[in-house]
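Me: I want to learn to read side-chain features in a model. Can we work through a few together?

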Amino acid sequence: MIYIHIPFCHSKCCYCDFYSTPNSASSMDTYVDALLKELDLRAEELTGKPKTIYIGGGTPSILSRNTLSHLFNGLRNRLDYDSLEEFTIEVNPEDVTDDLLSFYADNGVGRVSMGIQSFDDGILKTINRRHSSADALNAIELIRNHKFNFSCDLIYGLPGQNSDIWADSLKQLLSFNPNHLSAYLLSYEHGTKLYAMLKRGMISEADENLIESMYAELCRQTANAGYDHYEISNFGKPGFHAIHNSRYWKGDRYIGLGASAYSFNGRDRLFNPADLKSYLSAITSEKTAYIIEEEDESDRYNDLIVTSLRTSEGISPDDVPELFHDHFDKCLKPLLANGLLIAKTDGNIAIPEDKWLLADSVMRSLIFV
């Protein structure tokens with residue numbers, strides 16, 4: 001698995017706390033050079049042929065055609081695509097054109113993931129999205145016409161969003177029958193513009209009853225449309241679950257390239273600095289940029305809890321390290337008794353769909369401190 005982070009954006013969305021920076025042609029070209037150099041420096045970490053490539057951001061779709069060509073050619077020259085199961089790139093609606101999509105297809109991209117967030121123009125303006133509802137609808141139609149495997153993102157709990165607006169956004173998206181969709185509950189992250197607006201009283205946080213209503217509507221509409229709710233925020237038609245992200249949740253190894261990218265080597269987490277200058281300085285000096293975040297046995301157990309219980313598949317008690325059997329069993333009993341966890345027919349333990357809004361508290365009850 002290879003993840004590539006493109007940190008450049010036209011502008012910062014009010015809710016976003018991912019690392020991003022303003023774009024310029026020269027900085028993007030320099031950055032792609034560094035990405036490919038980092039891949040060279042970390043070649044020994046590659047174990048066999050990659051199964052998935054995911055280019056995220058930021059906004060990968062703002063890269064110029066020449067810069068994209070350099071990136072795609074560099075990847076193809078360094079990696080064997082024979083075993084590639086999924087090649088995804090993220091796009092924003094305002095960047096999508098027939099020409100761009102043809103270019104992606106010609107370079108091996110098979111899956112497009114697009115952030116829409118809402119089909120309400122007032123809400124889009126509030127959260128500083130650059131596209132309109134009409135832009136999003138047009139972009140979806142273009143992507144469908146090119147026959148990409150595609151996914152779209154929506155957010156619920158946004159300021160100014162009520163149950164009817166949310167239900168309408170879902171209805172509009174599902175009318176296009178996307179292979180996959182992600183629906184995220186808004187989180188007010190410290191340091192974001194939306195968080196500052198909330199603290200100043202400029203906007204109000206959605207109350208618990210509204211969130212529960214929106215979540216129930218999400219589950220109802222997606223189920224009726226034939227989607228599997230296979231992870232807290234992810235829904236896929238059978239055969240179209242996101243392969244790359246699913247491997248994260250299964251604890252597979254992956255290499256993250258670029259500023260702020262994370263990696264996992266099967267034992268420890270590695271992360272690159274969330275700073276463009278620091279990242280470029282390290283790579284141009286022929287050094288890897290990452291810092292190793294060493295994990296002990298309890299860290300790895302906690303990772304297993306958090307990643308497994310995000311999914312409908314849940315956690316197998318057999319995967320719990322022996323050192324934590326007693327702790328797991330002790331914490332498990334009251335959660336099962338209260339219906340916050342269920343025992344599945346295959347023996348796995350999972351959070352039922354109607355309790356996924358409480359997932360954080362369930363996980364906290366099981367982690368080892």
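Reply: Start with a charge over a ring. This is a predicted model. In it, Lys 237 lies over the face of Tyr 227, at 4.8 Å from the ring centre. Arg 65 is placed over the face of Phe 103, with 5.0 Å to the ring centre.

Me: How do I describe a pair of rings?

Reply: Use the distance of the centres and the angle of the planes. A search of the whole structure gives 13 aromatic pairs. Take Tyr 81 and Phe 87: the centres are 6.1 Å apart and the planes stand at 85 degrees, so this pair is edge-to-face. Both Tyr 81 and Phe 87 are buried. Tyr 248 and Tyr 254 are edge-to-face too, because their planes meet at 70 degrees, with centres 4.7 Å apart.

Me: How do I read the sides of a helix?

Reply: An α-helix has 3.6 residues a turn, so residues three or four places apart point the same way. Now take H2, residues 65-78. Its buried residues are Thr 67, Leu 68, Leu 71, Phe 72, Gly 74 and Leu 75. They span an arc of only 160 degrees around the axis, so they sit on the same side of H2. Asn 66 and Asn 77, on the other side of H2, are exposed.

Technical notes
Residues numbered from 1 in each chain as written. Predicted model: local features only at pLDDT ≥ 70, side-chain atom pairs only at ≥ 80, totals over all residues. Heavy atoms only, no water. Helix = DSSP H or I, 4+ residues; strand = E, 2+ residues; numbered from the N terminus. Expected span 1.5 Å × (residues − 1). Buried < 20%, exposed > 50% of the residue type's maximum accessible area, 1.4 Å probe, protein only. Arc of directions from axis to C-beta. Phe/Tyr/Trp six-rings, centres within 6.5 Å; stacked < 30°, edge-to-face > 60°. Lys NZ or Arg CZ within 6 Å of the ring centre and 35° of its normal.
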